[in-house]
Amino acid sequence: MHGVNLDTLGRRDPAVYGTSTLPELEVEVRRFATELGLEPTFSQTNHEGEFCEALHDAPDLADGLILNAGAWTHYSWAIRDALEVAALPAVEVHISAVSNREDWRRHSVIADLCVGRVEGRGVEGYREALEILRAELTG
Ligand code: DQA
């Protein structure tokens with residue numbers, strides 16, 4: 001689940017976020033997932049309520065979640081609540097190294113609801129997130 005502004009990958013500060021566009025990233029993530037025997041479904045929205053609704057619907061569609069909620073990660077209590085409602089194993093991903101950037105990016109309101117967190121590894125970080133999720137799902 002890609003959150004706010006992730007649709008601008010490719011033209012958004014490539015020094016921080018790399019040069020892959022979102023469709024290119026999804027091709028890679030699908031490849032990683034297939035290698036791991038997982039079937040990914042993707043979503044992206046710039047609207048907080050839509051992201052919450054996608055979380056409400058998630059238990060009917062998926063066994064687990066990988067979320068890059070973008071800036072919402074740092075302040076959206078609504079998304080935190082919706083993630084709690086979803087009650088699925090979830091991994092938080094950030095393309096950039098949020099812990100080494102501005103202070104406001106260091107805090108995540110969803111981290112304690114997630115089974116794992118990957119940051120600063122670019123597109124490759126999604127492979128790690130998939131591995132964490134698969135380990136969680138297969139016990
Ligand atoms: C991000 C990091 C967030 O701080 C930022 O607001 C984003 C992207 C990342 O993938 O590095 O939009 O989640």
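Which backbone oxygen does the side chain of Thr8 reach? In this predicted model, the side chain of Thr8 reaches the backbone oxygen of Asn5 at 2.7 Å, where a polar contact is a pair of N or O atoms within 3.5 Å; within protein, one atom must be able to donate a hydrogen and the other to accept it, and residues adjacent in sequence count only if both atoms are side-chain atoms. Residues are numbered from 1 along each chain as its sequence is written, and side-chain values use heavy atoms, with hydrogens and water left out. Because the model is predicted, local features need pLDDT of at least 70 and side-chain atom pairs count only at pLDDT 80 or more, whereas totals for chains, interfaces and linings use all residues.

Thr8 is found in the segment before helix H1 (14-17); helices (H or I, at least four residues) and strands (E, at least two) are DSSP runs, numbered from the N terminus. Thr8 counts as buried because its relative accessibility is 15%; buried means under 20% relative accessible area, exposed over 50%, and partly exposed in between (1.4 Å probe, protein chains only). Asn5 also lies in the segment before H1 and is partly exposed, with a relative accessible area of 35%. Most residues other than glycine have a negative phi. Phi of Asn5, however, is positive, near 75°. A positive phi, of about 50°, also occurs at Ala87, which is not a glycine. Ala87 is found in the loop between H4 and strand S2 (90-94) and counts as exposed, at 61% relative accessibility.

Helix H3 (residues 48-61) has 14 residues. From its first C-alpha to its last, H3 reaches 19 Å, close to the 20 Å expected at 1.5 Å a residue; the expected span is 1.5 Å times one less than the number of residues. A kink of about 30° lies at Leu55 in H3, shortly before the proline Pro59; the bend at a residue is the angle between axes fitted to the seven residues ending there and the seven starting there. Phe51, Cys52, Leu55 and Ala58 are buried in H3, and the buried residues of the helix pack against S1 and H4. Pro59, at 39% relative accessibility, counts as partly exposed. Leaving aside its neighbours within four places in sequence, Pro59 is in contact (heavy atoms within 4.5 Å) with Ala86 and Leu88. The C-alpha atoms of Pro59 and Val118 are separated by 23 Å, and the two residues are 59 apart along the chain.

His74 lies in the loop between strand S1 (65-67) and helix H4 (77-86). At 9% relative accessibility, His74 counts as buried. The side chain of His74 reaches the backbone oxygen of Arg105 at 3.3 Å. Apart from neighbours within four places in sequence, the residues in contact with His74 are Val98, Trp104, Arg105, His107 and Val109.

The largest pocket has a volume of about 610 Å³. Of the 24 residues that line this pocket, the closest to its centre are Glu39, Pro40, Thr41, Ala62 and Gly64. On a 1 Å grid over the protein atoms alone, a pocket is an open set of points where a 1.4 Å probe fits, with protein on both sides within 12 Å along at least five of seven lines; lining residues have an atom within 4 Å of a point. Helix H2 (22-35), H3, S1 and helix H5 (124-138) each supply at least two residues of the lining.

Key:
Points joined across faces, edges and corners; volume = space filled by probe spheres on them.
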